[in-house]
Each structure stands twice: as C-alpha cells, then as structure tokens.
Amino acid sequence: MYMDQPIGVIDSGVGGLTVASELMRQLPKEKLIYLGDTLRCPYGPRPKEEVIKYTLEMVNFLREKKMKLLVIACNTATAFTLDILRETLDIPVIGVIEPGARAAIKMTNNMNVGVIGTEGTIESKAYPAALTSIHADLSVYDLACPKFVPLVEKGMFTGDEVYRVIEESLQPLKTIAEIDTLILGCTHYPLLADTIQAVVGKDVMIISSGEETAREVSAILGYQALLFEGERHPEHEFYTTGSSDVFEQITQQWLDITVNDVKKITISSNF
C-alpha cells in the first residue's frame, strides 16, 4: 500500500542526517531512504543552476524507490529547488527553511534573529523572506559561514581548531546585533551546535530546523492518511555519492545507530 512506501531524504552531504535523526525519533515506524551527495559537497558556493541540476539528479535516483514524501534536508537546495520540485512531483515535498523560520519566531523575545548558512542560502535571502513574511517586525541578520561544512564533512565537531574557525566566522554577527535567537541555516551546522553555543553565549537560543521539519512531515502524512499504521522496525537505506567512511562514522556517532552498509552510487541527470 502507499502508506508502506518510504520517506526520501536528500542532502548535499552528511548534514541532512541531523534531520533524518529527528524523523527517526518522531516517526519510528517510517522507513527512510537517505541520499547524501558527498562527492560534490558543499553546495553553498556553487551557482544556482548547478545546485538545481545536482538536486534534480538526487531526486531522480529516489524516484525509483517510490517514496511517498520527499524532504529536502539541505538549506541551499531548499532555497533553489523547493518550488520546482513541488510543481514537478506528485508527492508532498518539504524543505527545511520554513520550519526553521517558524521555530525561530516562536522563540525570539527581542525580535532580533540571526541566520548563519552557506553562501548560496544566505545570498538567496530565503530566510529573511520566510521570517518577515510571517512576522514583519522582525530584524534579521544573516551571515555566510563557508568554513563550517568542510569541518563537518571531515568529522571535526569540537576542539581548538573548530572553536577558532567558528569564533572567527561569527565575529561579524556578534558585532552588529544583539540577537537572542540564531537559526542554524544549514543542516550540517547542528553537528557543531555545542561549539557554536559556546561562542555566541548561553543567552542566545540556537534553532535547528530538524525537529520542526519532522513535525511538519508527521502532520502532512497524517493529514493525507499516509502514516504507516502497522508494527515494524524499518530498515533504513543510506546512499552516498562519495566515500562511505566518514558517512558511517557520523551516522554512528551522531545518530547512535550502526550503519555498516552505506552504498556508494553514481547518479544520473535523467529527470
């Protein structure tokens, strides 16, 4: 039956695992098929047309898996392809920007919200648009942090070097605004959340879109009667276009599950 089909999750690399972990926690009966394009990560510095092409290639692969819903667990890909995919696919498509924006609006008290992300996400102005469309009185301060994704893809989450890179990267944001809420506008960044929190201080609320995105997926599947209703312990599938070594390491450390069969694949552009 249709409700038995999996949820597809795509990302430019391993960062989308932060969203996948929330989906597993909130929807333990649902099967996930995850594809991380680690070979061509990061997407942030790439031209918009290239990001669209690569994202469509990932979706093309997952279409063969007959997914019932797609999660674009990449902020840059969400900014550039969400509307395209919603028009193209006949299944629900969820991005991570709108859920993250809603979560931030719930939490801010002084109406000063910071957003950090890749160059592509920040240049798209997708977060300021999403935030101010909901609450016009917000002040939004966004900053590109291009050095963060390479740290995560190398499996570097803590330590002196990581702290130095994050402190230097966030300095411009700390000097221009007294934000009380900071959106991690890249799904890689929650893996650096402890260090980011240490740099910005305990009075700043850190927002990751994973939890809110999973809630939205649950709500949409429930509304469309697509939630799996039986009993099962699903066997999730993980795919990567690059090396599976770091992928498996991060999956085990961050998701606290053992994945020994991350499949390396080659994806095509036949969308």
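**A tour from a helix pair to the sheet**

Begin by selecting helix α1 (residues 17-26) together with helix α10 (residues 209-223), which pack at an angle of about 50 degrees with their axes 8 Å apart. Since angles under 35 degrees count as roughly parallel and those from 65 to 115 as roughly perpendicular, α1 is therefore oblique to α10. The crossing of these two helices is right-handed. Keep in mind throughout that this is a predicted model.

Next, show the side chains where the two helices meet: α1 contributes V19, E22, L23, R25 and Q26, while α10 contributes G210, E211, T213, A214, R215 and V217.

Now turn to the strands and colour the open sheet of 6 strands, whose order is β4-β3-β1-β2-β9-β10 and whose pairing is parallel. At its edges you will find β4 (93-94) and β10 (263-264), each of which pairs on one side only.

Within the sheet, select strand β2 (residues 32-36) and strand β9 (residues 237-240), which run parallel and are joined by 4 bridges. To follow one of these links, pick I33, whose bridge partner in β9 is E237.

Finish with helix α3 (residues 75-88), which lies across β3 and β4 and runs at about 160 degrees to β3.

How values were computed:
Residues numbered from 1 in each chain as written. Predicted model: local features only at pLDDT ≥ 70, side-chain atom pairs only at ≥ 80, totals over all residues. Heavy atoms only, no water. Pairing = 2+ DSSP bridges. Contact = heavy atoms within 4.5 Å. Axes fitted to C-alpha atoms, helices over the stretch in contact; angles between N-to-C directions. Parallel < 35°, antiparallel > 145°, perpendicular 65-115°, else oblique. Left-handed = near helix turned anticlockwise from the far one by under 90°.
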